[in-house]
Amino acid sequence: MDFTPTEEQSAVRELAGQIFGDLSTHERLAAAGTGTDAELWKALCGAGLAAAVEEVGLLGLVLALEEQGRTTAQVPFAASCVYGVLALTAHGTAEQRERLLPALREGSAVATGAFPAPGGHVRATAEGGLAGVVPLVPWLRDATHVLVPDEERRLWLVRAADAGTEAVETTAPWSAGRLTLDGTPAERVGGAEAYEDVLATARTAFAGLQAGVCAGSLARAVQHTTTREQFGRPLSTNQGVLLRAADAYMDTEAIRVTSYEAAWRRDEGLRYGTHALTAAWWASEAGTRVVHAGQHLHGGLGADLEHPVHRHFLWGRQLDAYLGCGGELLAELGELIVTEKLAEKAEGRPSVKAADRGEGVEA
């Protein structure tokens, strides 16, 4: 495997880093409150970053989301790219892609997803609509379209204007809302495999976002501990501070490399379900440790709700729970590994690792 970004992926990361760095400042974030920064969203889409995801793939998106996470920029970039651009590119019909993708690329339309599937909460009606309630959907207040899985894990796309929406405040300022469906018109997206693919894609993308959140938190902690003095020397010279920061760095790198691997495998057309769960587990478990460390290393300043590091703490905790927390992900990963092994044994296929190496496969 080779995680070295292509020239196009590197260009996307650099452009995203420049835009987020210039526009997602502490002052602008404070002024935005819990809402979306409309000017920043317009700049991102105007620069072609949403459209570029079709070309640079999930790994390219992960690289861009790292830059968003560093600044905790309040835009629905991850949601619209995962539940809109990538989902329709992979599973939409030719007519759906032609009709919906242009607006998603330019940012005049925004997609989000009611993921993971709220078991038994949403059902398809006999008339072809959807009925049920999803208590929390990130970025719903910005969305024009919502990708909704029903109780049988079939995917449907609904227009937000046709559904009932109610604002919900979450730990992180994600413009979230409550989605109410009452015979709401919906169109089917993809086949039986679409749900698992979109969920794995989302978990990988948001793990990449968490890697950026953690990197930003750690960078702030390093800056603080190297400039703040105690007893005549920088805090960073204390062994306890060094060890805590080193652990946070290793955790951040684990999130990054597992999300890179899952994204690369998807782009290469390889199995990546277990890898997406692994990345999501690291994002949940290690992500929590890192943002707690970042706040702790700021000492009393870390308790200030207005301090920039607190925003990383809120995002890290929100991402910890989104799409499944650590224990749930680990249980799901174990079940998937067992299922895959049993399937391989029943079909007489080589193991996943052997197949990836080319063993047991005739030329």
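This is a predicted model: local features need pLDDT of at least 70, side-chain atom pairs count only at pLDDT 80 or more; totals for chains, interfaces and linings use all residues.
**Entry 1. Salt bridge count**

I searched the whole structure for salt bridges and got 19. I then went through some of the pairs one by one. Side chains of opposite charge can pair when their charged atoms come close.

**Entry 2. Arg28 and Glu39**

I looked up Arg28 and found a salt bridge to Glu39, with 3.5 Å between the closest N and O atoms. I placed both partners in the secondary structure: Arg28 is in helix H2, residues 26-32, and Glu39 is in helix H3, residues 38-46. The two are eleven residues apart, and the pair links distant parts of the chain. I also checked the accessibility of Arg28, which is 25% in relative terms, so I logged Arg28 as partly exposed.

**Entry 3. Glu169 and Arg141**

Next I took Glu169, which forms a salt bridge with Arg141; their closest N and O atoms are 3.6 Å apart. Both residues sit in loops: Glu169 between strand S6 (164-167) and strand S7 (177-185), Arg141 between strand S3 (129-137) and strand S4 (145-149). I noted that the pair therefore ties together parts 28 residues apart in sequence. Arg141 has 35% relative accessibility and counts as partly exposed.

**Entry 4. Arg159 and Asp162**

I looked up Arg159 and found a salt bridge with Asp162, the closest N and O atoms being 3.0 Å apart. For Arg159 I read a relative accessible area of 45%, so I wrote down partly exposed. Asp162, at 34% relative accessibility, also counts as partly exposed.

**Entry 5. Leu301**

I turned to Leu301 and located it in the loop between helix H9 (273-296) and helix H10 (308-321). Its relative accessible area is 35%, and I recorded Leu301 as partly exposed. What does Leu301 touch, not counting residues up to four places away in sequence? I found contacts with His224, Arg228 and His307. I also took the separation from Ala30, which is 271 residues from Leu301 along the chain. The C-alpha atoms of Leu301 and Ala30 are separated by 17 Å.

Conventions: Residues are numbered from 1 along each chain as its sequence is written. Side-chain values use heavy atoms; hydrogens and water are left out. A salt bridge is a side-chain nitrogen of Lys or Arg within 4 Å of a carboxyl oxygen of Asp or Glu. Helices (H or I, at least four residues) and strands (E, at least two) are DSSP runs, numbered from the N terminus. Buried means under 20% relative accessible area, exposed over 50%, partly exposed in between (1.4 Å probe, protein chains only). Contact means heavy atoms within 4.5 Å.
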